[in-house]
Amino acid sequence: MTEIIWGLGTSHVPSIGAAMDNEKAQDEYWKPLFDGYAPAREWMAENTPDVAVIIYNDHANALGLEMIPTFAIGTDDHFNVADEGYGPRKVPNVRGHAEMSEHILVQLVNDGFDMTVCQELDVDHGLTVPLSVYCPEPGEQWPCQVIPILVNVLQYPQPTAQRCLALGEALGRAIRSFPGDLKVAVFGTGGMSHQLSGARAGLINEKFDREFLRDIKENPERLAALTREDYIREAGSEGLEMIMWLIMRGAIGDDIERVHETYHVPASNTAAALTLFAPVTAS
Amino acid sequence: MTSTTPIVEGTYVYDIVQSKRGRPLNRLCLSLKESANRDQFVDDENAYCDRFGLDDDLKKAVLERDWVQMLDLGGSIFYIIKLAAIDKKSMQDLGGIFTGMTTEDFIAELRAGGRSFD
């Protein structure tokens with residue numbers, strides 16, 4: 001049967017991608033962050049998935065303000081890297097898995113999650129930076145196919161954290177019911193605490209972040225019970241992105257161990273973190 | 001704001017009302033993804049604003065690069081950053097402007113662990 005072999009929570013700050021693209025990862029500013037990634041990267045490189053389901057948000061690159069899907073899934077077998085205004089990142093375009101994404105779509109809708117369907121989609125830094133966190137040097141081709149799942153975190157009302165956790169649980173069931181014996185990784189992206197605009201720009205709340213990192217494993221129900229206002233007040237207007245980690249957590253389930261965790265301030269305007277989970281039953 | 005939108009001091013909680021108010025500005029900013037449009041904007045900012053139907057307040061904010069006013073009038077940070085890019089301004093430059101600091105001081109605060117609002 002298809003299995004979920006790991007779950008990754010990671011920030012998707014664009015400057016993390018830019019640091020890699022411009023060979024600045026060993027600079028004094030960036031080295032602590034990338035050193036923190038190293039053990040997780042080594043482990044993931046030895047446990048490669050066939051497909052990565054990446055939960056992220058678009059940042060005004062593929063989706064405009066005409067329509068704001070709360071949850072959406074990309075169903076194509078190819079996704080171009082978006083031009084965000086500076087030319088596309090110099091990373092490979094992304095290969096989809098149309099058959100599995102259709103299966104996930106149908107299962108989710110049958111399970112009560114009425115997903116918007118993106119039959120064409122350019123993917124921005126929200127998706128490609130996490131891929132680079134997993135695989136810093138992909139060469140000509142990313143090492144896995146990708147299914148994008150998009151969440152509206154930019155405009156109120158975003159989905160509740162509770163709904164994100166529930167979607168994750170349904171996503172886990174959908175992935176595991178896909179015929180065959182593929183190995184799948186699930187990425188929850190965004191965060192940690194940060195706020196880009198307003199008088200509170202530059203907000204970082206390490207206490208909230210540390211408790212989130214602890215409870216994303218130990219007590220996701222507590223995180224799911226927090227309101228959108230809680231997230232905005234504590235983690236900042238953009239820190240609310242962390243609700244997307246709950247989708248990953250719901251998908252991978254409760255029987256997990258933490259392979260690695262790292263937390264670093266700052267990545268430009270943001271607290272950055274990575275946490276890597278594996279099922280305890282996995283070898 | 002609509003009645004259910006959370007109110008958090010010092011924070012823009014972007015919602016449908018804000019989005020509708022700022023739509024011409026955000027559409028203009030989105031268009032700046034294309035390099036040909038960037039050239040046209042730089043060539044005649046006033047005409048470009050008219051093309052996207054900015055009202056007088058929005059246009060004034062754009063022409064004067066009044067970043068706080070752009071946000072007050074419904075600009076989304078993820079859109080106006082595309083205008084900032086034309087001026088070679090980073091998110092950290094804007095952070096300094098939003099908080100009344102120099103860019104250097106804003107960056108230094110982040111490197112010292114970020115700004116706390118307990």
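Good morning. In chain B of this predicted model, 40% of the 118 residues count as buried; a buried residue has 20 or more other C-beta atoms, placed from the backbone, within 10 Å of its own.

A word on conventions. Residues are numbered from 1 along each chain as its sequence is written, and chains are lettered from A and ligands numbered from 1 in the order in which they are written. Because the model is predicted, local features need pLDDT of at least 70 and side-chain atom pairs count only at pLDDT 80 or more, while totals for chains, interfaces and linings use all residues.

Let us turn to the fold. Chain B has nine helices and zero strands, where helices are DSSP runs of H or I with at least four residues, strands are E runs of at least two, and both are numbered from the N terminus. The C-alpha trace of chain B spans about 45 × 40 × 20 Å along its principal axes.

Next, contacts, which require C-beta atoms, placed from the backbone, within 7 Å. Among contacts in chain B with a separation of 6 or more, 50% come from residues 24 or more positions apart.

How many residues of chain B are in contact with chain A? There are 35, and they meet 32 residues of chain A. Helix 2 (23-31), helix 7 (77-86), helix 8 (91-99) and helix 9 (103-111) of chain B each give two or more residues to this side.

Finally, the UniProt record, an unreviewed entry, lists residues 25-110 of chain B as "domain: Extradiol ring-cleavage dioxygenase LigAB LigA subunit"; such annotations may be inferred rather than shown by experiment. Over residues 25-110, chain B is 74% helix and 0% strand, and the end C-alpha atoms lie 29 Å apart. Thank you.

Conventions
Two residues are in contact if their C-beta atoms, placed from the backbone, lie within 7 Å. A residue is buried if 20 or more other C-beta atoms lie within 10 Å of its own, exposed if 12 or fewer, and partly exposed in between; C-beta atoms are placed from the backbone.
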